[in-house]
Amino acid sequence: MASAGGDCDVIMAAAPTVASHPEAPVMLGDEDEESETRREAEAYKEQGNVFYAKKDYNEAFNYYTKAIDTCPSNASYYGNRAATLMMLGRYREALGDAQQSVRMDDTFLRGHLREGKCHLSLGNAMAASRCFQRVLELDHKNTQAQQELNNSRTVLEYEKIAEADFEKRDFRKVVFCMDRALEFAPACHRFKILKAECLALLGRYPEAQSVASDILRIDSTNADALYVRGLCLYYEDCIEKAVQFFVQALKMAPDHDKACLACRNAKALKAKKDDGNKAFKEGNYKLAFELYTEALAIDPNNRKTNAKLYCNRGTVNSKLRKLDEAIEDCTSAIRLDDTYIKAYLRRAQCYMDTEQYEDAVRDYEKVYQTEKTKEHKQLLKTAQVELKKSKRKDYYKILGVDKNASEDEIKKAYRKRALMHHPDRHSGASAEIQKEEEKKFKEVGEAFTILSDPKKKARYDSGQDLEEDGMNMGDFDANNIFKAFFGGPGGFSFEASGPGNFFFQFG
């Protein structure tokens, strides 16, 4: 990294003379005294050069400082100390020394180069460009100045692109531009803050916090870094802590517009959410719905908090039996935060309540993969059983009875449906209708056979395979059930009493 500061400006000093009679005091004139001071300063500088060459920049700094204190009118001493400070990464201090060196000697090329490098490292590419142009005025063949001038123009171009992309909310592009600019301006807090802010807006909170924290370790009063730290907490739904950082940022910079807006949004969001939660606990679901809806309109960028608000509103909709709306809200929550287990559980329950068992199983599987608890395993198993049951014939629906129907209600339902679909009643219909009614007649018999037998009914209700009970429904004979229920052969007959009307008659 020696190129950052350049070589030190070395001027070999003459060796100091030794007095022939050290015990006798020597009276020096003004000229001799000035010469002695210069030699002393040069000695300090030479010692500084030795330490600089050894890369012991702290010691080099100390000796260059002694040289300056001894002889503060020498431009090269400030130039050397500037080079050392640059190697230590202390660019702001280095800038002051470099500027002092060129104030003393406007033709000091290395001084202008160092000033330009400091400006560029700190992110002030325009000021850097002026310094490098001054070097080229003094030495138009200076290749280092030309290269650094090109670097300055590159940084200015990245700044321009980043500004436009930020307005377009293309935060990934801004991060890319700032990374490239920071290669030339490693000490620029402004570029680092812009990058950190965009990382936060992209949801890359640990990276954003790391950048902001690094700056705060150097400058604990940096309002922009405090704002970014607050922004990360705000987007991670740690709203109370976020407000503390925003307030601190505003103390450092009362006119910080972004911190002011974020603080206002954070406070409003927390208040609306808290009011909605209170209304929900009190059973005032209509008011809770309105408050959660108002909270969702405050800041569309706060994905994590909005995910919770959507899930909360979904819970309200489920209480109001608006299950489709509840599912939609939970889906919105998951879209914002696909790790939000509570939203998956709420949506899965709504799917169960609306008999969308495949969707319920999918959500419970997602939950169980994430959190393998006994409770989640049981929820998944229940959904899988209901899914399996939903794909079988619904014998309750075939008979037209409720799942809690009594034995008498099942018998009455069978009597009604069996007579309704008996093939003899439809003997005069088309072949297609006869086939359909025969199928329904058989299904009614199957339903009665299962639901009238307590053991089979229990297995059916629990979702177990009926085949395990030794019953092959493919070999089932509906007529036998019908005859057993109504008596025997010839126990009744269907007769027409007019167009489309039939009645049965017991023998």
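1. Asp 165 is buried, with a relative accessible area of 3%. Here buried means under 20% relative accessible area, exposed means over 50%, and partly exposed is what falls in between, for a 1.4 Å probe and protein chains only. Asp 165 lies in helix H7. Helices are DSSP runs of H or I with at least four residues, strands are runs of E with at least two, and both are numbered from the N terminus. Once neighbours within four places in sequence are left aside, Asp 165 is in contact with Asp 170, Lys 173 and Val 174. Contact means heavy atoms within 4.5 Å.

2. A remark on the basis of this note. This is a predicted model, in which local features need pLDDT of at least 70 and side-chain atom pairs count only at pLDDT 80 or more, while totals for chains, interfaces and linings use all residues. Residues are numbered from 1 along each chain as its sequence is written, and side-chain values use heavy atoms, with hydrogens and water left out.

3. Helix H8 covers residues 171–184. Its 14 residues should span 20 Å at 1.5 Å a residue, and the end C-alpha atoms are 21 Å apart, which agrees. The expected span is 1.5 Å times one less than the number of residues in the helix. Which residues of H8 are buried? They are Phe 171, Val 174, Val 175, Cys 177, Met 178, Ala 181 and Leu 182.

4. The largest nonpolar core has 63 residues. A nonpolar core is a set of buried Ala, Val, Leu, Ile, Met, Phe, Trp, Tyr and Cys residues joined through side-chain atoms within 4.5 Å. Those with the most contacts inside this core are Met 178, Phe 191, Tyr 227, Val 228, Tyr 234 and Phe 246. Helix H11 (residues 223–235) gives the largest share of the core, nine residues. Domain 1 (39–158) and domain 2 (295–391) both give residues to this core, so the core lies between them. The domain bounds come from an automatic or database domain assignment.

5. Leaving aside its neighbours within four places in sequence, Phe 191 is in contact with Gly 123, Val 155, Glu 159, Met 178, Ala 181, Leu 182 and Ala 185. Another core, of 20 residues, lies apart from the largest one; among its residues are Ile 398, Ala 413, Ala 418 and Ala 478.

6. Helix H17 (residues 341–353) has 13 residues. From its first C-alpha to its last, H17 reaches 19 Å, close to the 18 Å expected at 1.5 Å a residue. Its buried residues are Ile 341, Ala 343, Tyr 344, Arg 347, Ala 348, Cys 350, Tyr 351 and Met 352. What covers them includes helices H15 (303–319), H16 (323–336), H18 (357–370) and H19 (374–390). Just after H17, Glu 355 takes a positive phi of about 60°.

7. Side chains of opposite charge can pair when their charged atoms come close. The structure holds 30 salt bridges. A salt bridge is a side-chain nitrogen of Lys or Arg within 4 Å of a carboxyl oxygen of Asp or Glu. One network of salt bridges links Arg 347, Asp 359, Arg 362 and Asp 363.

8. Is the pair Glu 148 and Lys 117 buried or exposed? Glu 148 counts as buried at 9% relative accessibility, and Lys 117 is buried with a relative accessible area of 17%. The closest N and O atoms of this salt bridge are 3.5 Å apart. Glu 148 lies in helix H7 and Lys 117 in helix H5 (residues 109–121), so the pair ties together parts that are 31 residues apart in sequence.

9. Glu 358 forms a salt bridge with Lys 391, with the closest N and O atoms 3.6 Å apart. Glu 358 lies in helix H18 and Lys 391 in the loop between H19 and helix H20 (395–399), so this pair ties together parts that are 33 residues apart in sequence. Both Glu 358 and Lys 391 are exposed.
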